[in-house]
Amino acid sequence: MDEIAEAIKQTKAYYCLDCGKCTGNCPVSLFDKAYSPRVMVKSVILGEGEKLGKTRLLWSCLSCKMCEERCPSDVQYIEFQRRIRGVYRDLGQREFCSHGGAFQSLMRIMTAPKLKQNRLGWLDKDLSVSKRGEDLYFVGCLPYFDAFFEDLNVHTLNTARSTIRIMNGLGIKPMLLENERCCGHDMLWAGDEDNFKRLAEHNLKEIEKSRAKRVVFSCPEGYRTFKLDYPRYFGKLKFEVLHLSELMAGGSSQNPLSLGRLNKAVTYHDPCRLGRHMGLYDPPRELLKSIGDLELREMYHNKHTALCCGTSAWMNCDLASKQIQMMRLREAKQTGAQILVTACPKCQIHLTCAMKDTHLGGSLDIEIRDLATLVADSLPSSKRKK
Amino acid sequence: MGKVAEKESIADIRALLEQEEVVLHFPQAELGPYTLRRVKTSQCKVACPLGTDVKGYVGLIAGGEFKKSLELIKETNPFPAICGRVCMHPCEPECHRGEVDEPVAIRMLKRFVADYELKQASEKPKVRGARKTGQERVAIVGSGPAGLTAASDLARLGFSVTVFEKLPVAGGMLSVGIPPFRLPRDVIQAEIAAIADLGVDIRTKKEVKDPRRLLRQGYKAVFMATGAHRGLKLGIPGEELQHSLDALTFLKGVHLGSGERLGNRVVIIGAGYAALDSARTALRLGSRHVDVIFRRSKQELPYPDLAREAEREGVRLHCHVVPVKVLGRNGRVRGVTCAKMRSGPADEVGRRQPSSIKGSEFSLPADTVIFAIHQEPDLSSLPKNHSFEISPWNTLVVEPETLATKTKGIFAGGDAVSGPKSVIEAIAVGHKAAASLYHYLKGKELKPAPKDPGERQAEVVIEDWVPEHKNRMRTLREAPKSWRNHFHEVEHLPSEESARREAGRCLMCGPCSECEKCIAECHQKLLALSVPGTTGEQVLVRIPWLSDRFPNGHEPWEVHIQGPAGESLRALASPVVCQVWEELCRGCAECAQVCEYEARKMVSREDGVVVSQVDQSICRGCGACVTVCPTGASILGHFTEARITETLEHLLAGSVGGKRKGEGARPHIVCFGCNWSAYPLLERAEFEIPAGLHLIRVMCLGSVNSGLMLRALELGADGVLMLGCTSEKCHYSFGNRVAETQVDMAHKLMHTLGIEKQRLRLETISSGESTKLKRIIRLFATKMSKLGPNLLRS
């Protein structure tokens with residue numbers, strides 16, 4: 001097939017030395033012995049991909065990019081995997097959806113042009129936003145996650161509130177989009193380019209209408225998708241794309257924040273999209289360190305070796321996912337930190353879900369916080385409130 | 001798919017009755033209108049005089065459940081270790097395995113479990129029926145298998161039982177007839193001790209001359225089981241000589257320690273049990289030459305296995321030979337003159353009557369001659385004025401149904417009535433006597449007499465399933481030459497592994513082994529096994545012993561369905577139960593928390609990973625666990641998410657982005673209908689169903705998660721109507737609550753998405769409320785028309 005040949009060529013899969021470093025470092029392979037990136041590349045190159053394409057293994061890759069860190073030949077494995085998924089999706093294969101496919105349905109529903117969402121109900125009165133301005137905050141799927149994972153006690157909208165609070169602290173009154181759609185990240189990685197493009201077009205049109213110059217993200221997935229994937233499909237964007245941590249730690253604003261104190265040991269979990277995908281290892285850490293008295297402890301796997309949270313794009317959540325999550329939680333516990341900080345709502349959801357296992361007897365329980373909420377709580381204003 | 005919409009009700013099955021077989025797509029896992037019927041029983045059970053559940057206990061051995069296996073044997077047989085050694089096993093010739101290769105070694109398997117448990121001895125196997133202190137006293141005369149079985153039964157029924165035994169040891173023919181190398185004495189003692197433990201008073205050296213005295217002493221009833229202890233001779237010249245004796249006198253003498261010297265040469269006349277036992281005993285007592293003479297051909301030997309064993313020990317077997325005269329000198333035996341025979345024409349029972357060949361006489365030298373021809377009851381000690389009726393064969397005559405003699409309160413049975421029979425038949429008589437005494441004393445039946453079991457005999461058609469050839473286990477291991485030197489048991493106990501392998505050879509004739517394991521396991525108490533022959537011979541849901549013929553219970557199996565008029569229908573069924581796809585299970589226990597049937601258990605695998613498991617004997621197939629499972633590891637048989645999605649795609653094809661003129665303008669409504677209320681009502685609705693209403697059958701609304709509701713909307717449904725039971729009448733009692741939670745979740749998401757909440761509605765009805773259903777549907781359709789098409793359709 002031409003598409004497969006092209007994928008092999010463009011992702012440099014031809015250069016695979018068959019050394020197996022990818023499989024040796026892949027967190028999925030660690031627990032699911034049936035899955036091997038090396039074998040995946042090899043069988044597709046040898047024209048035997050069809051066999052794997054019909055199995056669950058096609059959807060196993062977490063696109064955490066650990067393999068690419070190690071690959072001596074610079075094979076772009078996750079991009080390779082994404083394209084292969086697209087080929088087999090066109091042939092009728094479907095991903096194994098978690099949560100009864102509710103999220104996939106949500107995302108596809110959001111492609112409807114006439115959609116009029118009620119997605120700003122969470123906006124508290126103390127949060128300052130503006131109708132017109134240069135900065136825009138792209139909230140992402142937080143309102144949906146917040147509703148869906150209420151039982152899990154993960155309130156993702158607090159991240160949105162905290163982000164605005166921080167931006168306010170920096171003197172920014174961001175714009176919000178009333179009819180923002182899903183960024184399309186999950187559709188893209190499940191090989192569904194058509195729906196990805198539909199969602200992206202909606203978003204780009206809305207942002208253009210707002211005339212924003214800078215778009216700020218709290219979500220690493222949205223950040224990566226806008227910064228890397230949108231330009232690939234739609235050319236150079238007319239606005240700057242920034243992650244919240246860049247906005248603060250990069251000192252791009254005239255108003256550096258003065259943060260309060262938090263006498264606690266914390267450890268930071270790098271979301272794959274923010275870390276290995278975008279290279280933002282230090283800004284979140286610097287931000288944490290600027291909180292007084294806070295002690296930052298590193299897990300055994302950190303920065304470019306950080307472990308993934310085990311599930312990606314609401315698909316193929318399985319036994320291996322759970323094992324990866326437990327391993328990550330164990331690492332966090334070993335640091336002796338009281339709080340596990342992450343910057344991604346999905347990492348927060350997945351790791352919290354893993355702690356639910358009653359057989360663990362609470363042995364892996366640890367407080368999980370989002371970076372933005374931890375920082376926002378240390379703002380002088382919020383202290384005063386308390 | 002679209003199959004969901006196909007009609008598959010009982011009525012349709014009735015219409016298909018002309019066909020050989022129908023396939024029922026959505027039968028229930030639970031006992032609903034469909035009742036599974038146990039189909040017939042296995043030959044081995046029918047062949048056993050006790051009706052021992054052979055297939056059941058063999059199956060339990062195969063599964064390694066030795067204790068339960070022995071408990072099952074003990075339901076009918078108080079002497080498993082004894083029968084495991086000396087039973088004539090009428091079951092084995094009937095075993096269907098024999099048509100494939102060789103019969104299952106049933107007797108040896110029984111001995112295996114009996115010995116295994118005797119060896120463990122830590123815990124006595126449970127025997128049904130509690131021991132009670134007796135009120136009414138009952139006497140039993142004779143402590144053989146018939147007498148002791150009756151004693152054991154009566155003691156368990158709460159009588160105070162006394163057994164009188166003339167000899168110094170209990171056990172009757174077991175102790176004084178069968179030699180210890182076939183039946184070790186400690187085995188007899190252990191099983192008799194177990195009966196004594198029930199409170200039975202066994203008194204040895206107590207001869208009862210007149211049983212009527214016992215009645216006068218206060219015993220309410222007497223059972224005479226005195227056996228057939230008088231050995232017969234032939235009536236040939238010279239048999240009155242010294243050292244010419246009958247086998248019983250000989251064996252009894254040896255076992256009671258008063259035996260005479262035999263000399264080097266012994267001739268045994270006859271080839272039955274007593275003859276072969278005498279021959280082998282003679283060898284062990286030091287006789288060099290032991291000759292057994294038998295008047296028929298070698299093919300007609302009654303116990304060829306035992307004869308072969310005797311021959312291997314060194315016994316010489318002469319067939320087609322009869323004794324003519326016992327030769328003597330000085331009053332002592334010197335030899336036997338014999339004549340050769342030939343087979344003549346067959347008699348009315350098919351046995352060829354031998355006739356002697358003239359001039360074929362020859363002599364066998366002998367120091368002792370033992371006649372092992374026949375035995376009859378020894379009635380010499382009865383008082384002269386006894387009231388028994390005696391048959392021409394010198395046996396007691398009783399009423400065959402009740403075993404009652406002419407004297408009220410005195411019963412008789414066993415060899416004393418029938419002449420010599422086997423141990424297993426004696427045990428059967430013992431049970432019968434106990435039932436009869438119970439009836440006599442209590443004035444009511446112990447239990448209804450079973451129907452002729454032959455009617456229920458199962459057939460196995462070997463042609464359509466060729467079992468793998470597996471050799472029968474061999475248990476004799478010691479070199480036969482050394483056997484003759486000692487009185488120890490010669491048959492060795494098989495290893496645990498080979499016993500289980502042997503039990504695994506059972507073909508499991510008849511689907512249900514009646515081992516009752518399912519009933520014991522089912523903590524929901526859904527199962528019951530009815531007694532054969534009584535009313536309602538039905539109800540057995542699962543086949544308890546899984547083998548390669550029934551992998552995981554997922555394969556469709558034949559069920560008998562009771563139709564509305566009580567008629568019996570044949571069908572293939574595979575139940576709607578949940579399964580776990582273990583690779584996807586992340587052990588979150590959501591399923592275990594939601595399942596109120598407790599069919600889900602979280603188990604720790606060998607590698608330490610915790611996963612969920614389904615007990616499919618408890619699962620009722622509501623699908624609530626599927627709804628709450630975050631990963632899709634829970635799968636409901638037949639109603640998979642993929643299948644429902646496909647159905648939705650098929651029904652709603654073309655509604656998104658399609659042309660909305662004409663046909664497309666009417667509202668498309670997806671209706672998830674509960675199998676127990678809305679679905680059947682809608683299926684045979686008496687009112688007109690709007691054209692755009694697509695009915696999807698689900699086991700319970702609790703099996704529809706918010707994802708499926710959103711999927712229907714995404715695919716272009718204008719409205720989603722969830723129709724199920726009212727909360728008080730929810731078929732699964734909790735499915736309703738699960739459905740409400742899911743609808744709430746979907747409503748929240750729809751609100752944020754900006755889709756009108758009215759487009760998703762949960763309505764509850766009872767299964768009879770046709771009018772209400774009509775109103776609900778009409779109202780919903782009108783509302784959808786007003787709301788206009790789903791924004792995704794434009």
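Because the model is predicted, local features were taken at pLDDT of at least 70 and side-chain atom pairs at pLDDT 80 or more, whereas totals for chains, interfaces and linings use all residues. Residues are numbered from 1 along each chain as its sequence is written, chains are lettered from A and ligands numbered from 1 in the order in which they are written, and side-chain values use heavy atoms, with hydrogens and water left out.

Of the 386 residues of chain A, 63% are buried, and in chain B the buried residues amount to 54% of 794, where buried denotes under 20% relative accessible area, exposed over 50% and partly exposed the range in between, as computed with a 1.4 Å probe on protein chains only. Chain A exposes about 15400 Å², of which carbon and sulfur atoms supply 48%, while chain B exposes about 35700 Å², with 49% supplied by carbon and sulfur atoms; these areas come from the Shrake-Rupley method with a 1.4 Å probe, and for residues only the protein chains shown count as cover. Among contacts (heavy atoms within 4.5 Å) with a separation of 6 or more, residues 24 or more positions apart account for 79% in chain A and for 73% in chain B.

In chain A, A:Arg82 lies in helix H7, which spans residues 77-90, and this arginine counts as buried because its relative accessibility is 3%. The side chain of A:Arg82 is joined to that of A:Glu79 by a polar contact of 2.9 Å, a term that denotes a pair of N or O atoms within 3.5 Å, of which, within protein, one must be able to donate a hydrogen and the other to accept it, residues adjacent in sequence counting only if both atoms are side-chain atoms. When residues up to four places away in sequence are not counted, A:Arg82 touches A:Leu188, A:Trp189, A:Gly191, A:Glu193, A:Arg232 and A:Tyr233.

Two helix pairs were examined in chain B, with axes defined as lines fitted to C-alpha atoms, for helices over the stretch in contact, and angles running from 0 to 180 degrees between N-to-C directions. The axes of H13 (residues 247-255) and H14 (residues 273-284) of chain B come within 10 Å and cross at roughly 45°, and the two helices are therefore oblique to each other. Residues making this contact include B:Phe250 and B:Leu251 of H13(B) and B:Asp277 and B:Thr281 of H14(B). Helices H25 (residues 706-714) and H26 (residues 735-753) of chain B pack at about 45° with their axes 8 Å apart, and this pair is therefore likewise oblique, the class left by angles under 35 degrees (roughly parallel), over 145 (roughly antiparallel) and 65 to 115 (roughly perpendicular). Among the residues in contact are B:Met709 and B:Leu713 of H25(B) and B:Met745 and B:Leu749 of H26(B).

Most residues other than glycine have a negative phi. B:Asn394, in the loop between strands S16 (375-376) and S17 (410-412) of chain B, has a positive phi near 65° and, at 23% relative accessibility, counts as partly exposed.

Key: Helices (H or I, at least four residues) and strands (E, at least two) are DSSP runs, numbered from the N terminus.
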